[in-house]
Amino acid sequence: MNFEEKIETQIEALRVFFYGFLKVGCPYFNDFDNEFITIDDVIDFTIYEGIEKCYDYYASKEKINEYVKNSSSLTDSIEVDTKFFSRQLQYAQYYRSELNDMIEDERGIRILELEKRDIY
């Protein structure tokens, strides 16, 4: 059994466990199963969040400028490197700002970590 098959087996075991837990722990949960959200959606979301938290915990933490500096696409020219680096930061900030605006529209709050800041 290769790595992907092991992961799929573990995820399926988690799915079965969560389904059993919801059936026993929340006996009326099936009443909320509708076209907007299903039990499978809740289970998949819970598994996804768990995987994301594990990745965040175990992944190496580097600032974005360290990641870009270590990129193999950079050339020896400092001017080209600086422009490339600036474009990468602008690209990342654009999507962080878009996400923050979307959260503000939906929830009425802004997240400090997504605000534009100087990261040099």
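Among contacts in the protein between residues at least 6 apart in sequence, what percentage join residues at least 24 apart? And what does the packing of α1 and α2 look like?

Analyst: A quick word on the model before the details. It's a predicted one, where local features need pLDDT of at least 70 and side-chain atom pairs count only at pLDDT 80 or more, while totals for chains, interfaces and linings use all residues. Residues are numbered from 1 along each chain as its sequence is written, and side-chain values use heavy atoms, with hydrogens and water left out.

To your first point: of the contacts between residues at least 6 apart in sequence, 34% join residues at least 24 apart, a contact being heavy atoms within 4.5 Å. The protein has 4 helices and 0 strands, so read along the sequence you get α-α-α-α; these are DSSP runs, helices being H or I of at least four residues and strands E of at least two, numbered from the N terminus. Buried residues make up 11% of the 120 residues, where buried means under 20% relative accessible area, exposed over 50% and partly exposed in between, with a 1.4 Å probe and protein chains only.

Now the part you asked about. Helix α1 (residues 3-25) and helix α2 (residues 39-58) pack at an angle of about 125°, with their axes 10 Å apart; the axes are lines fitted to C-alpha atoms, for helices over the stretch in contact, and angles run from 0 to 180 degrees between N-to-C directions. That angle makes α1 oblique to α2, given that under 35 degrees counts as roughly parallel, over 145 as roughly antiparallel, 65 to 115 as roughly perpendicular and the rest as oblique.

Who's touching whom? From α1 you have I11, L14, R15, F18, Y19 and L22, and they meet I39, I43, D44, T46, I47 and I51 of α2. By class, that contact has 9 nonpolar, 1 polar and 2 charged residues; Ala, Val, Leu, Ile, Met, Phe, Trp, Tyr, Cys and Pro count as nonpolar, Asp, Glu, Lys and Arg as charged, and the others, Gly among them, as polar.

F17 also sits in α1, and F17 is exposed, with a relative accessible area of 55%. Its C-alpha atom is separated by 9.6 Å from that of I43, 26 residues apart along the chain.

I103 is buried, at a relative accessible area of 17%. Leaving aside neighbours within four places in sequence, I103 is in contact with G108, I109, I111 and L114.
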